[in-house]
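Here is a short briefing on one protein model. Look over the sequence and the coordinates, then read the points below.

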Amino acid sequence: MFFLDASLSWRMKRLELALECRNLLGTETYSSASYSDITTYVYTYRLRPLTALLKIRFTL
């Protein structure tokens, strides 16, 4: 299973811009399995969709 996140930041004198992106590949579910002698457990988790967050920071 592959997940891909990315971030990019850019600085000027008093201003900083940062862009963060999560789940760029659009993976919708994550599954795991656990095996014992008699039983098998399978867990499936739904993941968040692609998200992007833009941060703006400045100093006075």
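What share of the 60 residues of the protein counts as buried? The share is 8%. Keep in mind that this is a predicted model.

**Fold elements**
- The protein has five strands and zero helices.
- Read from the N terminus, the order is β-β-β-β-β.

**The β3/β4 hairpin**
- Strand β3 covers residues 29-35, and strand β4 covers residues 40-46.
- The two strands pair in the antiparallel sense, with seven bridges.
- Together β3 and β4 make a hairpin, and four residues lie between them.
- Across the pairing, Ser 34 stands opposite Tyr 41 in β4.

**Overall dimensions**
- The radius of gyration of the protein is 19 Å.
- For a compact globule of 60 residues, the value would be near 10 Å.
- Along the principal axes, the C-alpha atoms fill a box of roughly 65 × 20 × 15 Å.

**Contacts**
- Take the contacts in the protein with a separation of 6 or more: 45% of them join residues 24 or more positions apart.

**Surface and charge**
- The protein carries 8 positive and 5 negative charges.
- The mean position of the positive charges lies 17 Å from that of the negative charges.

Conventions: Residues numbered from 1 in each chain as written. Predicted model: local features only at pLDDT ≥ 70, side-chain atom pairs only at ≥ 80, totals over all residues. Heavy atoms only, no water. Rg over C-alpha atoms; globule rule 2.2 N^0.38 Å. Buried < 20%, exposed > 50% of the residue type's maximum accessible area, 1.4 Å probe, protein only. Contact = heavy atoms within 4.5 Å. Lys, Arg positive; Asp, Glu negative; His and termini not counted. Charge placed at Lys NZ, Arg CZ, Asp CG, Glu CD. Pairing = 2+ DSSP bridges.
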